[in-house]
Structure formats: C-alpha cells, structure tokens
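Here is my note on the model. Please read it with the structure open.

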Amino acid sequence: MSVMPTNTGATAPAPARPGTPAAGATPSALAALRRLKPFVRPALPRLVAGMLSALGASLAALAIPRVLQRLVDGPLAASTRTHDTTALWAAIAAVLALGLAEAGLILVRRNLVMLPGTRVEADMRMALFRHLQDLPIAFHDRWAGGQLLSRSMSDLGLLRRWLVFGLLQLVVSCATVVVGVTLLVTTTGWLGLVYLAGAIPVTVITYRFSRRYRVIARRSQDQSGDLATTVEESVHGIRVLKAFGRGRDALASFTGQAERLRTTELAKARAQASVNVALTLIPELTLAACLVLGTLQAHHGTITIGALTAFFATAAVINGPVVDLGMTLSMTLNARTAVDRYFDVLTTTNPLTDPDHPTEPGQPRGHVRLRDVTFRYDDATTPVLHHVDLDLPAGTTTALVGLTGSGKSTLAMLIPRLYDVTGGTVEIDGTDVRHLRRADVRRTVAVAFEDPTLFSATVRENVLLGVDDTLPDTTKNERLTEALDVAQAHFATRLPHGVETRIGEEGLSLSGGQRQRLALARAIAAHPHVLVLDDPLSALDVTTEEAVTTRLRQTLTHTTTLVIAHRPSTVALADRVAVLQDGRITAVGTHSQLLAADPHYRYVISSLEDDAARHGVGTLPEPDLGPGLAGEAETDLHDDEATGARL
Ligand SMILES: Nc1ncnc2c1ncn2[C@@H]1O[C@H](COP(=O)(O)OP(=O)(O)OP(=O)(O)O)[C@@H](O)[C@H]1O
C-alpha cells in the first residue's frame, strides 16, 4: 500500500489543476514574452546593450572571411610574385584586430547581461511571493507546495539563464544567419542559393521539434514540481512515516515518480539529440554540395579562389549558430514553459480583496455577529455551514462545541476573513468584514490554531509576529513577557539564548505542547479585540492546561473570544457555549443550561469526556443535572451511537 501521493502529472502532460491551464491552452510565444514586459523593462537598456555587443562580436566574426578573401585574392596572390609582405601583415593585423574585438565584445556582453538577469529573476521571485502571501487560503488548499516551490525556484532559474544567454544567443544567431546568408547569396550567387536551400529542411525540423519539445518540457517541469511536493511532504511527515514503518512505501512511491521524471528527461534529451544530429548533418551536407559546385565554378573561372575561401569561412561562421539552434531552441522552450507556469500562479485572481471604498473602522469593541451565514468550499458540492446565526457580544468568551467535521474550524476561519462567506454576513462592530480592509480585520482578530506553525526565527520574532512593528521596544518587551506568562510558555526564557533562541524549522525542536503555547502567546501578544482559539490547548497536560486556562480567564476580560473546544476542560474558559451540529448552530447557552436541555450537547460533552479520559486529560466537574437528566444523557448517547454519529 502506498502512503505517498501519486501525482497524475508524472505520466501525462500537465494535468489541469485548478488554475493551471493545460499545455495546449497556453498563450502564443509572443504573448508569453509580452507578459514578461513589466519585469524586463527596467533591465532592457543593459539587455539591449548586451545584445548589441553580441551582434558586434558576431559581425566581427563575419568580417574575418571578407578580409581573408581580400588577402587571398590581393596581397597573397601578388606577394608570390613581388615578395612584398607589407599588405600581408596589414591583413593579418586586421584579422587579429577583428578577433580581439570579437572577444572583447563577448566579454562586454557577459558583463552587461549578468546583472539585469539576476535582477529580473529576483524581482519576479519577489512578485510571486507577494502574490502568494496575498492569495486566499482557498488557493493554498488547492496548490501543492512543491509546485509553488519549483515555480519560484527552478522555473525562474531557467528563465534567468535564458535571458542572459538563450535570448541573446537566439537573436544573435538569427542575425548572424540572416546577414551571413545574405552575404553568401549576394557575393557568390548560385553557390549561396544552394546553401540557402538547406534552410528548408532546417525550418521544417525545428518547427516539429518545437511542437514536440514544448509538451515534454511542460511535463518535465510539472513532474519536477510534483517530485518537490513529495520530498516536502515526506520530510515534513518523516516522523509519521518512521513511526508507521512506511519509509519503504514512501521510497517506492518516490522512486516511481523520480523514474517517471527520468523518463521524461530522457525523452527531452532524445528529442534534443535527434534535432542536434539533423542540424549538424544538414549544414554539412549542404556544404559538401557547395564544395562540389564551388570547385566546379572555380575550375571554370566563374568564382575566384578568394571568394570561395570567403564563402567557406562565412559558412563556417553561420554553421555554428545553426548547429547550436537545437540547444538555443530547447532553452527558449524551457523558458517559455517556465513563463507559462509562473504566470499560472501570478495571474490567479484573488477574490478575497480589499473593498474599493473601505469602511474606516471606528474604535473597535470586538462585537462579532454572524448573520445567516452559509459557507461552501470551492471544490465541495454542499455547504459546510447552513444559515448560521451567532452573536459574540464584546468582551465575552464563547466556546464552540460540535462533533468532528461539524464545521467549527470553518466557522472560526470566517471571522478573520480567511475565507469569504457564500451567503449571509460576518460583522465586526456592525460592519461586514468584506467592507473593511483585510489589514484592519486582521489587526482586530487574532487566531491560534490547533496545529501551531512556528517560523525559523527567534522566539521573540515568532511571538511578536502580530504586533505592530512601530511600537516602542519597551512595549514590545512587555507584550512578550505578558504573552509568555499567560500562555505558560516560561520555558522560552530558559532556552539557551532565552527568547532570542532561534527555533528550528516550524519549531520542530520544541515539543507539541511548547509549540502550541508559543502559538497561543503569539495570538495574545497581538492584543486583539477578537481572539479565535481553535483548540489551542490540545497538546497540553492537565496541570499546564489548568494554569493556562486560569490565566486566560483573567486576561480575556476585555477580549471577545471564540474558543473551539475539543476537550471538556476548554469549555470551562467560556461564559457560554454554542453547539454546532452538521453546520447549524442548534443551541446557545451556559454549560449547565445546555447539559440540562440539549441532548446533542450532552452527547458531544460525554464523547469529549470519554476521549479526555482515554488520553488522561482534563474533564469538567459534573454539574448538577437534576434527577433523571444524567440518565437521559446516557440514553441520548446510546441513541447517537446507534446512528453511527461517533466522535
Ligand atoms: N479546505 C477544504 N476544502 C474542502 N472541504 C473542507 C476543507 N476543509 C474542511 N473541509 C470539510 O468541511 C467539513 C468541516 O470541516 P471543519 O474542519 O470545519 O470541521 P471541525 O468541526 O472543525 O472538525 P474537527 O473537530 O475534526 O476539527 C468537513 O467535512 C471537511 O471535510
């Protein structure tokens, strides 16, 4: 059994992932180039100067055969009679000067294009990262991390190499071939036309190659992205794979993907090799035909020996770019695929944007209201939340309780507008969150998730992530100390460098409970008016949880808090409890009221208690249910169990 994802892109042309056009649907090469304009424009002067240097170098190379022709037909022929070598030395000096000019111009070209190439790459990378930060969670739900990684790293690397080398090579090669062939045709007539005839098969072959190679290049770059995703997921989930002894499966799956990529790379190399053979053979065969014709012409005196020498010297200069055309073309097609893949992401529009005319937030109080809220995930057919009405008065703490999959986390994510509702409204202090700037909403609402993400940064930087940068250091320090204290994260001060200790990638060097407490501290340090806690204490032991709960209760007096409770003891934080059942709020009240009146709540709490008892973590003290109610709860539990609705 394979535990690793199998990516369809490995065997077929680019799969039509959401937001990923298939290879055939990509824009024309010219349109693809036009998309680069905003990034390339600042670098254009240097790129053009580099291109002119390269053209100059190429013209110098093409001028050498002309000098040779004059040398052979003039001074060289004369010197055999007069023994005067002055003109010979002058011609040698001219060839040397042209050779030096060519080398110098190549050096200038390299220096000119290196800087703008790296600039364009860096700018495009930053633009992509900025866009990824801006795109909503719904986008990130759909896109695999490895695909985004390969687009921002290897694709942009390909593009840079093409800009600093491939593009110039392409332009210079075309110019060299056009100027060279024109020279051949105008100076040698029929001989030049025979050489030009070689262009017909070259054009047909390169056209076919381009069509074929484009598809393979897209497949290869998509497969690299899939492979990067697999590496990322398996490194991320290395503990699970090891714990379940699934290393071999992971390796087998990875090997399969790597093999498919290898097959694609081989197909690429084969396509390139066959075009290279053709592009080497055709000019050579053409030259052989020209040699026969040229020799005959020289024999009949219709062409001078100097002109024939110049013809072959010029043809040798043209042959270089023609032979390299396969490589230049494949570089261009790889870059074009990279551009397509890059813009697949960059042109993904963000439906979750700031309004054109945002409402200016007044003095925030933290009153949250969900009115008739319905929500459906993009890729789902049915809504997760149905006509949810929930009022969270300012300064109150509400626990959200429900069976697994009932939609608690989804509801919580609507408050900071991580998703937009599909129906109804989420309001903060009477204003629809969609009418506020996202920055204003996120300044008002802080979130701590069950699965805490910590960044490769110091404890201080992680905890102060949501704190206004412009605040004075003393205020920031106070916030840090208070947040660590409330979250019972005092361990942070005992780390080797205290709060300045860098914590490993995603905080992996810390325990689950320690990471959770730092994530909680981060939410508290932001001093939000609304705090959303998605089961933030699940990894804590009973004693620590109790200490955190006590401190939170003291601190949250002025904060509107919605806490998702997976453990009965977390419910103790709340003034009141809202019950979510299959995406509907079915009851709101105090813990005791609900225990007394709501069978589903009793079932949920009893399930949570079972779960907590199994894991040896906190339960709520038994409230006075009154005669008969405890038994009722038990009956309901059995009823629910009978229907299979088990937590
Ligand atoms: N990104 C997503 N795309 C599509 N469906 C999703 C997505 N996230 C969650 N769901 C679905 O929405 C439903 C509610 O999920 P949600 O995570 O909100 O439930 P929950 O009550 O928080 O569950 P739990 O207690 O297990 O955390 C589930 O059926 C889930 O499969």
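Which residues are closest to the ligand, and how many surround it?

1. Ligand shell. The ligand is surrounded by 13 residues, and the closest are Tyr377, Thr404, Lys408, Ser409 and Thr410. A residue counts as near if its C-beta atom, placed from the backbone, lies within 6 Å of the molecule. Helix H13 (residues 408-414) gives the largest share, three residues. By type, the shell has three nonpolar, seven polar and three charged residues. Here Ala, Val, Leu, Ile, Met, Phe, Trp, Tyr, Cys and Pro are nonpolar, Asp, Glu, Lys and Arg are charged, and the others, Gly among them, are polar.

2. Basis. This is a predicted model: local features need pLDDT of at least 70, side-chain atom pairs count only at pLDDT 80 or more, and totals for chains, interfaces and linings use all residues. Residues are numbered from 1 along each chain as its sequence is written.

3. Overall make-up. The protein has 22 helices and ten strands. These are DSSP runs, numbered from the N terminus: helices are H or I, at least four residues, and strands are E, at least two.

4. Positive phi. Asp372 is not a glycine, yet its phi is positive, near 50°. Asp372 sits in strand E1 (residues 368-375). Arg417, also not a glycine, has a positive phi near 60°. Arg417 lies in the loop between H13 and strand E4 (423-428).

5. Asp372 is exposed, with 12 other C-beta atoms within 10 Å. Arg417 is buried, with 20. The cut-offs are 20 or more other C-beta atoms within 10 Å for buried, 12 or fewer for exposed, and partly exposed in between, with C-beta atoms placed from the backbone.
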